[in-house]
Amino acid sequence: MFYYAYVLLSKKDSKLYIGWSNNLKNRFQKHNKGLVRATKDRLPLKLIYYEACLSQIGAIAREKQLKTGFGRKYLKNRLKL
């Protein structure tokens, strides 16, 4: 089983949302249906990046890292934002 750290881009305000999940497809659908409180006012969302991890701990750690200033700079450079 894989766990995923992922990044969504709001088409409404152009801001990023960073999260983790063990079922990326289902989680992305929940986001775009407005079922996730953190993103329901920022629809529609686009999945722009994800990384697969072998453990839940690894995915959570990567999510936290991507939320730091260094992580956001990494994403900006990697995704050409």
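This is a predicted model: local features need pLDDT of at least 70, side-chain atom pairs count only at pLDDT 80 or more; totals for chains, interfaces and linings use all residues.
## Overall architecture

The chain contains three helices and three strands, and when it is read along the sequence these elements follow the pattern β-β-α-β-α-α. The radius of gyration is 12 Å, close to the 12 Å that the globule rule gives for 81 residues, so the chain is as compact as a globular protein of that length. Along its principal axes the C-alpha trace spans about 30 × 30 × 15 Å.

Of the contacts in the chain with a separation of 6 or more, 56% are accounted for by residues 24 or more positions apart. Buried residues make up 33% of the 81 residues.

## Surface and charge

The chain exposes about 5500 Å², and carbon and sulfur atoms supply 53% of that area. Its side chains include 19 positive and 4 negative ones, and the centres of these two sets lie 3 Å apart.

## Strand pairing

Strand E1, which covers residues 3-10, pairs with both of the other strands: eight bridges join E1 to strand E3 (residues 45-53), and six bridges join E1 to strand E2 (residues 16-21). The strands run antiparallel in the pairing of E1 with E3, and they also run antiparallel in the pairing of E1 with E2.

Tyrosine 3 stands opposite cysteine 53 in E3, while on the E2 side alanine 5 has tryptophan 20 as its bridge partner and leucine 8 has tyrosine 17. Both E1 and E2 are mostly covered, with seven of the eight residues of E1 buried and five of the six residues of E2 buried.

Leaving aside neighbours within four places in sequence, arginine 62 is in contact with Ala5, Glu51 and Tyr74. With residues up to four places away likewise not counted, glutamate 63 touches Ala5, Ile18, Gly19 and Trp20.

Most residues other than glycine have a negative phi, and most peptide bonds are trans.

Serine 14 is found in the loop between E1 and E2, in a hairpin that has five residues between the strands. The phi of serine 14 is near 60 degrees, a positive value in a residue other than glycine. With a relative accessible area of 59%, serine 14 is exposed, because exposed residues are those over 50%. The C-alpha atom of serine 14 is separated by 8.9 Å from that of arginine 42, although the two residues are 28 residues apart along the chain.

Lysine 80, which is not a glycine, has a positive phi of about 55 degrees. Its place is in the segment after helix H3 (69-79), and at 71% relative accessibility lysine 80 counts as exposed, as the value is over 50%.

The remaining case concerns a peptide bond: leucine 43 and proline 44 are joined by a cis peptide bond, for which omega is about 0 degrees. Proline 44 is found in the loop between helix H1 (24-32) and E3.

Definitions and conventions
Residues are numbered from 1 along each chain as its sequence is written. Side-chain values use heavy atoms; hydrogens and water are left out. Buried means under 20% relative accessible area, exposed over 50%, partly exposed in between (1.4 Å probe, protein chains only). Helices (H or I, at least four residues) and strands (E, at least two) are DSSP runs, numbered from the N terminus. Two strands pair if DSSP finds at least two bridges between them. The radius of gyration is taken over C-alpha atoms; the globule rule is 2.2 Å times the number of residues to the power 0.38. Contact means heavy atoms within 4.5 Å. Accessible areas come from the Shrake-Rupley method with a 1.4 Å probe; for residues, only the protein chains shown count as cover. Lys and Arg count as positive and Asp and Glu as negative; His and the chain ends are not counted. The place of a charge is taken as NZ of Lys, CZ of Arg, CG of Asp or CD of Glu.
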